[in-house]
Amino acid sequence: MFELNKLGFNFMTNNNKIIINPANNLRGNIVEGKDLRGSFALLMATLLIGDISYLKGYSYIGRGYQDIINRLRKVGADIEEIDNV
């Protein structure tokens with residue numbers, strides 16, 4: 001959740017539930033995924049924000065989702081793979 005906080009998302013936990021509060025201050029940032037699901041969640045969050053973001057840990061997504069960059073481009077995502085951030 002810390003990585004999503006870097007993007008401006010606001011979370012609280014209560015009785016084993018995660019509460020996501022609406023935020024007006026979503027912003028791009030450099031974030032890092034540590035596993036397949038977490039990296040994919042960060043990817044989707046960065047696409048929703050609409051600001052430039054950099055996602056480290058893309059290798060997890062590349063192994064789990066075949067040709068994901070081109071598939072996302074087909075539905076309008078402005079995304080590219082770069083070597084270093």
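This note walks through a predicted model of one protein chain, point by point.

1. **Ground rules.** Residues are numbered from 1 along each chain as its sequence is written, and side-chain values use heavy atoms, with hydrogens and water left out. The model is predicted, so local features need pLDDT of at least 70 and side-chain atom pairs count only at pLDDT 80 or more, while totals for chains, interfaces and linings use all residues.

2. **Overall layout.** The protein chain holds 4 helices and 4 strands. Here helices (H or I, at least four residues) and strands (E, at least two) are DSSP runs, numbered from the N terminus. Read from the N terminus, the order is α-β-β-β-α-β-α-α. The C-alpha trace spans about 40 × 25 × 25 Å along its principal axes.

3. **Surface and burial.** The protein chain has 85 residues, and 26% of them count as buried. Buried means under 20% relative accessible area, exposed means over 50%, and partly exposed lies in between (1.4 Å probe, protein chains only). The accessible surface comes to about 6,300 Å². Carbon and sulfur atoms account for 48% of that surface. These areas come from the Shrake-Rupley method with a 1.4 Å probe; for residues, only the protein chains shown count as cover.

4. **Contacts along the chain.** Take contacts between residues at least 6 apart in sequence: 43% of them join residues at least 24 apart. Contact means heavy atoms within 4.5 Å.

5. **The largest nonpolar core.** This core has 16 residues. A nonpolar core is a set of buried Ala, Val, Leu, Ile, Met, Phe, Trp, Tyr and Cys residues joined through side-chain atoms within 4.5 Å. Leu-4, Leu-7 and Phe-9 touch the most other members. Two elements give two or more residues to the core: helix 2 (36-49) and helix 4 (68-74). Helix 2 gives the most, with 4 residues.

6. **Phe-9 in detail.** Which residues does Phe-9 touch, not counting residues up to four places away in sequence? They are Leu-4, Leu-26, Ala-45 and Ile-49. Phe-9 is also one of the core residues that touch the most other members.

7. **Ser-39.** This residue lies in helix 2. Ser-39 counts as buried because its relative accessibility is 0%. Leaving aside neighbours within four places in sequence, Ser-39 is in contact with Gly-33, Lys-34, Leu-55, Gly-57, Tyr-60 and Ile-61.

8. **Ala-77.** Ala-77 sits in the segment after helix 4. Ala-77 counts as buried because its relative accessibility is 18%. Not counting residues up to four places away in sequence, Ala-77 touches Leu-47 and Leu-72. Ala-77 and Leu-48 are 29 residues apart along the chain. Their C-alpha atoms are separated by 9.6 Å.

9. **Two positive phi values.** Most residues other than glycine have a negative phi. Asn-15 has a positive phi, near 50°. Asn-16 also has a positive value, near 65°. Asn-15 lies in the loop between strand 1 (10-14) and strand 2 (17-21). Asn-16 lies in the loop between strand 1 and strand 2. Is Asn-15 buried or exposed? Asn-15 is exposed, with a relative accessible area of 68%. Asn-16 counts as exposed too, at 86% relative accessibility.

10. **Charges.** The protein chain has 10 positive and 9 negative side chains. Lys and Arg count as positive and Asp and Glu as negative; His and the chain ends are not counted. The centres of the two sets lie 8 Å apart. Each charge is placed at NZ of Lys, CZ of Arg, CG of Asp or CD of Glu.

11. Side chains of opposite charge can pair when their charged atoms come close. How many salt bridges does the structure hold? There are 2. A salt bridge is a side-chain nitrogen of Lys or Arg within 4 Å of a carboxyl oxygen of Asp or Glu. One of them joins Lys-6 and Glu-3, with the closest N and O atoms 3.3 Å apart. These residues are 3 apart in helix 1 (residues 2-6), so about one helical turn separates them. Lys-6 is partly exposed at 26% relative accessibility, whereas Glu-3 is buried at 18%.

12. **Glu-32 and Lys-34.** The side chains of Glu-32 and Lys-34 also meet in a salt bridge (3.7 Å, N to O). Glu-32 counts as partly exposed, at 34% relative accessibility. Lys-34 counts as exposed, at 59%. Lys-34 is also among the residues in contact with Ser-39.
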